[in-house]
Amino acid sequence: MKSADDPNVWVGRSDELALIRAALDNLNRGKGAIIWVEGEPGIGKSSLVARALERADPIGCQVLQATADQLTQQFPLAVMLDCLEVTPRSADPRRVRTAQLLHERRMRIFAADEAGDIGDIGYAQIELLVSLVDEICAGSPTAIVLDDAQWADDASLLVWHRLTRAVDQLPLLLVATCRTAPRRSGVRELRSAVVRRGGTVITLDKLPDADATALVTQVLGAEPGPRLSALTAQALGNPLYLRELIDAVIRERGTDRPAGADVSKEEIERIPASFSAIVDDRLRTISPGSADALRNAALLGSTFRVTDLAVVLGRTPSELTEQLMDASAAGIVVGAGTQLAFRHPLVRQALYDGVPAALRIAMHQQAAMALAAAGAEPLRVAEQLLASGERGNAALRSWLAQAHATLIARAPAIAAELLRREIDHSLPSDGVGGVLALGLTRALLSIGRHEEAAAQAGLAIASAHEPEHRAEAHWLLVRANSCLGRSDAAMQAIQRALSWPQLPDAWRGRLLALQATYQRATDGDLDTADSTAQQALRIAETAADAYATAQALIGLWLNHSVRRDHKGALQCVDQALAKLGDGPDNADLRAFAVDSRIFSLQNLDRWADAEATLKHARELEQRSGYAASSTQITAAVLRYWLGQWDDALAELGPDPSELGELTYTGLREPGPVLLWYGIAALVAGRRNQRQVASEYLRAGLSLPVTTVSDRENRDFLLAAQALAAEQNGDVSQARAVLSDGLRRRPGEMTLVHQWLPDLVRLCLLAGDRPAALAAAKLCGAEADAESEPARATAALARCVGLLDRDPAALREAVEHYRTVGATLDLAGALEDLAVVVADRGSDAEARLLLNESSAVYHTLGADWDVRRADGRLRRYGIRRGVHGPRTRQRATGWAALTPTEQRIAVMVAEGASTSSIAQTLFLSRRTVQTHISNILAKLGLHGRVEIAREVYRHTA
C-alpha cells in the first residue's frame, strides 16, 4: 500500500501533460511559450504543472515558482519577488543588485517627500524585474510558474503580462494556474492577453470515473470494492479531495491491518465527511505541539519562514525542528527553497478556518506584536496587523509611526488602511498623531485617492508638531489639489503655506517654485512667474536644497522656452542638472530635466547634441536602475524629426497603456499620452496606413484636453488629423484643424512653427491666400522671438518661399537643414523648392529636387509624401527620372530590416541578452524588445535561435 501523497502515484491528464511537456521541449530549443491552467480548487492544476516540469532540470531548464495567497494580495510585487528569488541575501549578484535598486526606489518615493512619481516608480520597478528575467534566460532556458494567479497582486500580474511579450524572443516558458472564472478584472484581462498572444489555455475538469478508480487502485494495490467506490465518489472527481479520502482510509486502517480493496460499514462511519475534517483528522497523526505550530504557521500564509514562526511562538528555530519534521513526514508541509510551504493552499486554508474567529484574531495580534518587537520586515508585521483588525494598541501605534514610510513605499493601500484605522480610533495629541496624519496623506496621494488626500492634508497641517511635518503637509495639499485639477485651490494652498512665518526655507523654495509654474500655466504671466522663480532660487540656494534649486531653475527654463529664448532655457536646465547630479536621489525630476534639455537642443537645431543627451540619459538609467517612461516619448519625438521613424515607433512600443501614468513630479496630466497617439497616427498616416492611423486618431482624439500640458502635447495629433482630412480630399477641413488648433495661448509652450509650412501649403492649395499670409505672419512672430535663429527661422524661410514663390528663401531653408542634419524638414523643403523652381520653368532642377526629396521619403516608407510630391509636380509635367526611386520599401525579408534592426539581429545571433543590447546601443530594454519583435515578424521567425540562423545565412 502506497501513500496518496506519493509523487509517483499519477493517473490521467495525458493530453494536458503532453501540451506542457511539448512546450518544455521547445523551451530547450530556445522557443518560449505561455500556458494558462485553470480549474476549480483542488482539481490538480499545480500537480499537473509540477508533474510536467519534473523533466526540466534533467534537460537543463530551470524552474522559478511562487504561490500567491490572499494574505499578500495587497503587497505590490510580493509574488514576483518571491518567484524570482530577489533578495539581498541571494547568492546571485544580479538578484542582489535588483533587490538593492528596488529598495532604493521604494524608500525614495516619499522619503522627505522628494516628490516621487508613482507611475514612473512602478514602471521602473517592473523594468528592473523584466530585465532580470532577460538576464536569467540568457544563462539557461527558464520556466516561470505563478500558482493561484487569482490571488496575485496587481504589480506582479503586470510583470507577468509584460513577460508575455518576451516569450517569442527568449527561452522563457510562462505558466500560470488560476481558478476558473476569477472575479478580479485584472486576472481576467491577463487571461485574455494569453489568448491574444497565442498562448495555450488548459481547462481541467474532474477526473473521469475510470481515472479516479485507477488512482485508488495504484495506492491500495487493488481495485476498490463497492463501498470504497461509493466513498471516493464523494470526491466528485476532485484529485485533492480524492487523495485525502484515500489517505484517511489508510490512516484508519493503520499499518498493522491488512490492505484491502474495500472498507467496512464501521470504517466508513469513522472517515471524516468534509475536506476540513479530513485535514483535521490528518493533524491527529502528529503531536499536539506540531499541530499547534502548524496552526500558527497558517497565520503566516501558504509559505512561511521558519524564523518568523519561531518569533511568533517565542522559540528558536532549532527548537521547532522536531515539530516541523513531524509535519513534513505527515505530508502537511513541504520544502519551498529557503522556506516551508503547505502541501496545498487548501490544506493551509482548512487549518486557518479551523481556528475559531475570535482566537484567530487574537493570534494575529500576538503575531504582529512579536514580529514588530523582533524588528521583522514591516510588510510581515503589516500582514498580521491587517488581519487582526487591531487598533489603539500603543506599542503597535508607535511601530506604525516609525514603519509607515516603508509601508507606503512598498504597499501604499495597506499603509493607508492601517493608518486610517489608527486615526479613526483616536488621534493622539502628541507628535505621533501628526506623524500618522501626515503618513495617511502620503499614502492616499500615492494610491490616487486625491479627494481624501486633500481632506487629510488639512488634518495633518493642524496636528503637525514639527515645522518640517507641517510644511510637508502643505506641500501634499498642493499636490492633491493639482491632481484634482483644482489650480485655484492649489494656488490658495501655496499662498497659505507661504504666509506661515515658520515655514522652513527648503519648503518655501519648493512651494515658490510650484507657484511660479502655476503662474505661467494659469495666467500666462511670465514676468510674475520669473520673479517668483528667481525668489525660489535664491531661497533654495541659501537653504542648500538641491531639489528646490533645480525645481526653480526648471521653472525658469519653462518661461525662457515659452519666450523662445532657447539658449537661455538651455543654460537654466544645464544648471538644474548639475545641481541634481547623477546620484539615486531626485531621479524623477532629473528625468524631466533631461527631457527638457533635449527639447531645447531640438529648438536650437542642435540635433547631434540632442542625441548625445539621450544617450547619456540611457547610460544613467542603466547605472541607476531608474527607467523613466517619459524618456521614451521624448526619444520618439527626437527620432521622428530625424527621420528615424521605425526607431521612433520602437521607442513608443506597441501599447501606450504600458507606459505608466506618464506624469512628472506634482503634475498628474495625461498630455504625453496624447503625444504617443499623435506620433503613432502621424507616422501611420504618412506611410499611407490609413486604417491604422484612423484607429490611433480615434483613441487619441477621445482623450480629454483640459490642462495646459494637454494642449502643449496635442500638436502631433492635430497634424495627423489634418493629414487624414487632406487624404480624404477635404483640404478646407485640414486647414481648419491646423489653424484652429495651433493658436497659442499666453504662457503656452506649443511649438507651432514646426507645423506652419504645412499650414501655408494647405491654405494656398485651398486658394485662401489671406489665411496663408496669417500663418506666415505667425511663423514670423515665432522666428522674431528666437533669441538665436534656429528652427522657427528656418520654418519662416519655407513659409516665405511658398508664399512668394521665392526659390532663394527655400534654398536658404534647404541649406540650413542640410547643415544641421534635420532629415525630415530637409525632405519637405526640397519638395517645396522643387514646386517653386518648376513654377519658374526649371524642369531639370525640379526633377533632381523631386528625386532627392522622394529618396528620403522612401527610406522612411512615407508613401503618402511620395504621392503628394508626385502630384504637386505632375501639374508641371514633371515626373521622377528613370533612376528615381519607384519601388516600395520591402515589408518582409532581410532587406526589410532597418539598420538598427540588422545590428540588433547580429547581436542576438552573438548571444547578447536584450538588456546587454540595450546597454550597448543606449536604448531602453523595452525598445530593444520591440525591435526584436519587428525582426521576428519581418523574417517570419519564431525565436532567437532562428534569428541566429538567418543572420549566419546573410553574413557568412
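**A cluster of rings, then the sheets**

Start by selecting W641: at 4% relative accessibility, it counts as buried (buried means under 20% relative accessible area, exposed over 50%, partly exposed in between, with a 1.4 Å probe and protein chains only). Before going further, a note on provenance: this is a predicted model, where local features need pLDDT of at least 70 and side-chain atom pairs count only at pLDDT 80 or more, while totals for chains, interfaces and linings use all residues. Residues are numbered from 1 along each chain as its sequence is written, and side-chain values use heavy atoms, with hydrogens and water left out.

How do the rings of W641 and W755 sit relative to each other? Their centres are 5.3 Å apart and their planes are at 50°, so the pair is tilted. For ring pairs, the rings of Phe, Tyr and Trp (its six-membered ring) need centres within 6.5 Å; planes under 30 degrees apart count as stacked, over 60 as edge-to-face, and the rest as tilted. This pair links distant parts of the chain: W641 is in helix α31 (residues 629-641), W755 is in the loop between α37 (731-741) and α38 (756-765), and 114 residues separate them. Helices (H or I, at least four residues) and strands (E, at least two) are DSSP runs, numbered from the N terminus.

Keep those two on screen and bring in Y640, W645 and F716: ring pairs link these residues with W641 and W755 into a cluster. Zoom in on Y640 and W645, both of them buried. With ring centres 5.6 Å apart and planes at 5°, Y640 and W645 make a stacked pair. Across the structure there are 15 aromatic pairs.

Next, select R791. Its charged end sits over the ring of W641, 4.8 Å from the centre; the test is NZ of Lys or CZ of Arg within 6 Å of the ring centre and within 35 degrees of the ring normal. Then jump to R348, which lies over the face of Y352, at 4.8 Å from the ring centre.

Switch to cartoon and pick strand β1 (residues 33-39). Six of the seven residues in β1 are buried. Strand β4 (residues 172-179) pairs with β1 in the parallel sense over seven bridges, and G39 stands opposite R179 there. Strands count as paired if DSSP finds at least two bridges between them. Strand β5 (residues 200-203) also runs parallel to β1, joined by four bridges; look for V37 opposite I202.

For another sheet, select β6, β8 and β7. In that order, these three strands form an open sheet with antiparallel pairing. The edge strands, β6 (303-304) and β7 (333-336), each pair on one side only. Four bridges join β7 to β8 (residues 339-342), and the bridge partner of G335 is L340 in β8.

Finally, zoom out. The secondary structure comes to 48 helices and eight strands. The radius of gyration is 33 Å, close to the 30 Å that the globule rule gives for 956 residues, so the protein is as compact as a globular protein of that length (C-alpha atoms; the rule is 2.2 Å times the number of residues to the power 0.38). Along its principal axes, the C-alpha trace spans about 110 × 75 × 45 Å. Color by burial and you'll find that buried residues make up 59% of the 956 residues.
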